[in-house]
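Please read the following notes with the sequence and the 3D view side by side, and check each point against the display as you go.

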Amino acid sequence: MQRFQRMKTLQKFASVHANVHNHFYNQRDLIDRETYKTARSAALAEWQNLMA
């Protein structure tokens, strides 16, 4: 994260990487919905903390 000088650049990289990761992540269907929602909520909270 140190090589990103602007938060906007990091956000763009993360959004593109997330799409690629979701496409090639073979085990995404093995995670139950509650675990997925918990992980996504934690990731969103961390992202909002970084933006603050």
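1. The secondary structure of the protein comprises two helices and zero strands, where helices (H or I, at least four residues) and strands (E, at least two) are DSSP runs numbered from the N terminus. This is a predicted model, in which local features need pLDDT of at least 70 and side-chain atom pairs count only at pLDDT 80 or more, while totals for chains, interfaces and linings use all residues. Residues are numbered from 1 along each chain as its sequence is written, and side-chain values use heavy atoms, with hydrogens and water left out.

2. Of the 52 residues in the protein, 2% are buried, a word that here means under 20% relative accessible area, with exposed meaning over 50% and partly exposed lying in between (1.4 Å probe, protein chains only).

3. Helix α1 covers residues 7-24 and includes F24. Is F24 exposed or buried? F24 counts as exposed because its relative accessibility is 59%.

4. M7 also has its place in helix α1, but M7 counts as partly exposed, because its relative accessibility is 29%. Leaving aside residues up to four places away in sequence, M7 touches W47, L50 and M51, where contact means heavy atoms within 4.5 Å. Although M7 and L50 are 43 residues apart along the chain, their C-alpha atoms are separated by 8.8 Å.
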